[in-house]
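Okay everyone, thanks for coming. Let me put the structure up on the screen, and then I'll walk you through it.

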Amino acid sequence: MAEQRDYYEVLGVAKTATEAEIKAAYKKMALKYHPDRNPGDKEAEAKFKEAAEAYDVLHDPEKRKRYDQFGFAGVNGGAGGFGGGAGMSMDDIFSMFGDIFGGRGGFGGFGGFSDMFGGGGRRQAATPRGSDLRLKVKLNLQECATGVTKKFKVKKQVACSHCHGTGAENGKGDTETCQTCHGQGYVLRTQRTMLGMMQSQSVCPTCGGEGRIIKNKCHECGGTGLVNGEEVVEVNIPAGVADGMVLTVNGKGNAAPRGGIPGDIQVFIEVEQNSEFVRQDNDLLYNLIIDVPTAILGGSVEVPTLDGKVKMKIEPGTQPGKVMRLRGKGFPALKGYGYGNGDLIVTIAVYIPETLTREERQAFERMAKSDSFRPSQGIKDRIFKRFKQMFE
């Protein structure tokens, strides 16, 4: 099986590319490798599917964020995308990206290449869709580790209760064919260019792309089928989420005009800083400060974890900067992105007293004369090697 290529490389765009740049790059690729333009060419078909797979991920803000953070693991295997393109068919591509191809076949089936740019060929009026809403939720580290359910009172557009969302005064949704677009939902404009006469397609300004007009509009909603309202929305946040992730609550955004498809709610995760831990992927970093006697003589200390405190043994002669790892005491893996928990990585720091009593100073002065307090060359080399590793 061929190795997957980076999606940005496939479309030939930078990682900072805008949505418009990604769409334009995909159009160009689709034009070049479309099966109708390359009949029987299996290599062209493979590149066509590869481009569709890349576009499916990069044009979707949530999938793109997961891909940028986790790579292919974030979008394959059920988390999004096509999982390497193995299950794609041409029907999948044309149905998912109808706005790109302008119809089922895009090329041969509905008026040739002009469909790709929005002209030529009859297509069905688009089903109206409600707009998406955005929420930002602040979580502490513990909530991220265990998962949590949050409830929000969301102000949004809801179906009009007077007309039951139909937009018609009598509630039956009596409509007639739009005379501007003749039921197609779009209008064509022809203009002369250096290449000849070109057609462009745009949403019908009279019916808004629906192809039909309500005869007697509802006096409450003005025929849109929508009014301002609010709803309590429950958001289930899984264990393992990280700062900057975006979760989607399907169907809970603004209602669509006249019974169309409701939008979604995009939930942006913001994680509060923790006073004890620093998160690094699924590992937790903790700085343990011990006193000089413990570093010299060894002992037992308590270390905090997400599940409470645990005891950890300090060996005699422990040096500052030593790193100890508690397996499985880190952050849980987000479902679909891995297995098990990360580790708790403990870095040892030794506190040096800033003030001493006369007796303490005399004791350290006596110890300073002992060879035990003078590091050998081997110890110096070992400490320097550890120091280098910190920067590598």
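So, surface to begin with: the protein chain has an accessible surface of about 23500 Å², and 51% of that belongs to carbon and sulfur atoms. Keep in mind that what you're looking at is a predicted model. Of the chain's 392 residues, 35% count as buried.

What about the secondary structure? We've got 10 helices and 15 strands in the protein chain. And if you take contacts between residues at least 6 apart in sequence, 64% of them join residues at least 24 apart.

Now for the inside. Which residues have the most contacts within the largest nonpolar core? That core has 42 residues, and the ones to look for are Ile 237, Ile 269, Leu 288, Met 312 and Val 346. Let's click on Ile 269. Skipping its neighbours within four places in sequence, Ile 269 is in contact with a whole list of residues, including Val 137, Leu 139, Ile 237, Val 241 and Met 245. There's also a second, separate core, this one with 22 residues, and among them are Tyr 8, Val 10, Phe 48 and Val 57.

Val 57 sits in helix 3, and together with Asp 56 and Leu 58 it meets Lys 63, Arg 64 and Tyr 67 of helix 4. How do you describe a packing like that? For two packed helices, you give the angle between their axes and the distance between the axes. Here helix 3, residues 42-58, and helix 4, residues 61-70, pack at about 100 degrees, with their axes 6 Å apart. So helix 3 is roughly perpendicular to helix 4. The residues of that contact split into 3 nonpolar and 3 charged, with no polar ones.

Last stop, two strand residues. Arg 134 is in strand 1, residues 133-139. Buried or exposed, what would you say for Arg 134? It's exposed, because its relative accessibility is 66% and the cut-off for exposed is over 50%. Arg 134 touches Gln 266 and Phe 268, leaving out close sequence neighbours within four places. Arg 134 and Gln 266 are 132 residues apart along the chain, yet their C-alpha atoms are separated by 4.8 Å.

Then there's Asn 287, in strand 11, residues 283-291. With a relative accessible area of 46%, Asn 287 is partly exposed. Beyond residues up to four places away, Asn 287 touches Thr 347 and Ala 349. Its C-alpha is 6.2 Å from that of Ile 348, which is 61 residues away along the chain.

Terms used. Residues numbered from 1 in each chain as written. Predicted model: local features only at pLDDT ≥ 70, side-chain atom pairs only at ≥ 80, totals over all residues. Heavy atoms only, no water. Helix = DSSP H or I, 4+ residues; strand = E, 2+ residues; numbered from the N terminus. Buried < 20%, exposed > 50% of the residue type's maximum accessible area, 1.4 Å probe, protein only. Contact = heavy atoms within 4.5 Å. Areas by Shrake-Rupley, 256 points an atom, 1.4 Å probe, with all protein chains shown as cover. Axes fitted to C-alpha atoms, helices over the stretch in contact; angles between N-to-C directions. Parallel < 35°, antiparallel > 145°, perpendicular 65-115°, else oblique. Nonpolar A, V, L, I, M, F, W, Y, C, P; charged D, E, K, R; others polar. Core = buried A, V, L, I, M, F, W, Y, C linked by side-chain atoms within 4.5 Å.
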